[in-house]
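Welcome! Let's get to know this protein together, one question at a time.

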Amino acid sequence: MIRSELLAKLRQENPHLSALAAEKALDTILDEIAETLSQGHRVELRGFGSFFTKVRVARVGRNPRTGEAVEIAPKRHMHFRASRQLLAQLNRPAT
């Protein structure tokens, strides 16, 4: 599903929302999730899953072309852990 499909589904489920209001609502939710993660906090959406960040420590890597040692700075990367309900829905036998 892409953003436009998500917006269309949001408008279909909530016909009282204008296209602008639906887009603003989606933007607000996504911006808040991104902002919270960038501050190093966890985001939990009950029944869906949780997003959280982990820190990769600084390390020495190698330039594949020259073999020269390169310092790689520490950085954060995001993880997603699905909730039990979502996993159960994904693993339900097909009918």
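This is a predicted model: local features need pLDDT of at least 70, side-chain atom pairs count only at pLDDT 80 or more; totals for chains, interfaces and linings use all residues.

Q: Which elements give two or more residues to the lining of the second largest pocket?
A: Here the space comes to about 220 Å³. There are 13 lining residues, and the closest to the centre of the pocket are Glu-44, Ala-82, Ser-83, Arg-84 and Gln-85. The elements giving two or more residues are β1 (43–45), β2 (49–56), β5 (75–82) and α3 (84–90).

Q: How many residues in the lining of the second largest pocket are charged?
A: Among the lining residues closest to the centre are Glu-44 and Arg-84. The lining as a whole has 3 nonpolar and 5 polar residues. The number of charged residues is 5.

Q: Which residue in β5 is the bridge partner of Lys-54?
A: Let's look at where β2 meets β5: the two run antiparallel and are joined by 8 bridges. The partner of Lys-54 in β5 is His-77.

Q: Which residue in the turn of the hairpin formed by β3 and β4 has a positive phi?
A: β3 (residues 59–62) pairs with β4 in the antiparallel sense over 4 bridges, and Gly-61 stands opposite Val-70 in β4. The hairpin has 6 residues between its two strands. In the turn, the residue with a positive phi, of about 80°, is Gly-67.

Q: Is Ala-73 buried or exposed?
A: This residue lies in the loop between β4 (69–72) and β5. Exposed means a relative accessibility over 50%. Because its relative accessibility is 51%, Ala-73 counts as exposed.

Q: How far apart in space are Ala-73 and Arg-84, C-alpha to C-alpha?
A: Ala-73 is in the loop between β4 and β5, while Arg-84 is one of the residues closest to the centre of the second largest pocket. In sequence the two are 11 residues apart. In space, the C-alpha to C-alpha distance is 35 Å.

Q: What pattern does the protein follow, read along the sequence?
A: The protein has 3 helices and 5 strands. Read along the sequence, they give the pattern α-α-β-β-β-β-β-α.

Q: Why is the protein described as more spread out than a compact globule?
A: The C-alpha atoms fill a box of roughly 60 × 40 × 30 Å along the principal axes, and 15% of the 95 residues count as buried. For 95 residues the globule rule gives 12 Å. The protein is more spread out than a compact globule because its radius of gyration is well over that value, at 20 Å.

Terms used:
Residues are numbered from 1 along each chain as its sequence is written. Side-chain values use heavy atoms; hydrogens and water are left out. On a 1 Å grid over the protein atoms alone, a cavity is a set of points where a 1.4 Å probe fits but cannot get out, and a pocket is an open set with protein on both sides within 12 Å along at least five of seven lines; lining residues have an atom within 4 Å of a point. Grid points are joined across faces, edges and corners, and a volume is the space filled by probe spheres set on the points. Ala, Val, Leu, Ile, Met, Phe, Trp, Tyr, Cys and Pro count as nonpolar, Asp, Glu, Lys and Arg as charged, and the others, Gly among them, as polar. Buried means under 20% relative accessible area, exposed over 50%, partly exposed in between (1.4 Å probe, protein chains only). Two strands pair if DSSP finds at least two bridges between them. The radius of gyration is taken over C-alpha atoms; the globule rule is 2.2 Å times the number of residues to the power 0.38.
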